[in-house]
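Hi,

Here is the structure you will be working from. Please open it alongside this note.

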Amino acid sequence: MSNNYWLEHWEQGITKFHRDSVNPLLEKYWPELNLATNTTVLVPLCGKSLDMLWLAAQSHNVIGIELSPIACENFFTENKLGYKKEIKNKFTCYFNENIKLYCGDFFDLTTEIIPEILAVYDRAALIALPNDLRKQYAEHLIKLISPNGQILLLTHSSPGIIQGPPYSVSPQEIENLFSARFDIKELMQSTDRQIPVHLEKKGYKEIHDFVYLLK
């Protein structure tokens with residue numbers, strides 16, 4: 001899957017993956033990380049997620065990484081937030097006092113560009129990537145996060161052949177990707193048999209939702 005796929009979706013307004021409200025699973029399970037105030041939280045493939053506003057409201061410093069400049073600009077303008085822009089390495093950085101969105105390729109992000117990352121919130125990054133990129137994503141994320149960092153990871157899986165994105169990611173794959181670096185704790189598992197039409201078209205029969213804490 002090329003970067004153009006996502007850029008075209010933002011340009012054409014095809015953004016069913018965007019939620020118009022804060023994810024209730026974030027609100028419920030984020031306290032499990034027990035983070036100090038002013039902790040820097042990385043949100044990979046963030047889009048214009050309102051979850052970043054919620055994280056900032058918890059007194060965290062939020063760093064998002066997003067490919068589309070449309071998503072970055074919309075995040076600030078739609079939420080009536082002032083922002084500035086600057087070029088930083090291969091990225092255009094959109095920022096205000098406690099939220100920075102780096103516009104560019106996630107795989108170009110390095111620890112020289114961003115500060116120490118003690119927490120990661122992944123709602124829709126891992127499941128947005130095809131199989132051949134998920135391993136690369138996990139390896140790169142591990143390079144970015146502090147040795148004592150934590151990840152709140154939301155995924156789902158479904159039986160059958162899925163024409164993602166979003167893709168089905170099994171618990172076994174989570175184990176394969178992250179167990180060498182993290183202890184993996186399953187915080188939640190639920191099953192949803194009421195499938196949105198756009199996911200039915202991609203092959204979803206039922207969805208098993210998971211929330212993991214990696215630390």
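Below are notes on the cysteines and on one helix pair.

This is a predicted model: local features need pLDDT of at least 70, side-chain atom pairs count only at pLDDT 80 or more, and totals for chains, interfaces and linings use all residues. Residues are numbered from 1 along each chain as its sequence is written, and side-chain values use heavy atoms, with hydrogens and water left out.

Cysteines. The structure holds 0 disulfides (a disulfide is a pair of cysteine sulfur atoms within 2.5 Å). For Cys 46, the closest cysteine sulfur is in Cys 72, 5.9 Å away, so too far for a bond. The closest one to the sulfur of Cys 72 is in Cys 103, at 4.2 Å, again too far for a bond. Cys 46 is buried, at 6% relative accessible area, and Cys 72 is buried at 0%. Buried means under 20% relative accessible area, with a 1.4 Å probe and protein chains only.

Helix pair. Helix α5 covers residues 131–144 and helix α6 covers residues 171–178. Helices here are DSSP runs (H or I, at least four residues), numbered from the N terminus. The two pack at about 45°, with axes 10 Å apart. Axes are lines fitted to C-alpha atoms over the stretch in contact, and angles run from 0 to 180 degrees between N-to-C directions.

Who touches whom? Asn 131, Arg 134, Lys 135, Ala 138 and Ile 142 in α5 meet Glu 173, Leu 177 and Phe 178 in α6 (contact means heavy atoms within 4.5 Å).

Best wishes

Methods:
Buried < 20%, exposed > 50% of the residue type's maximum accessible area, 1.4 Å probe, protein only.
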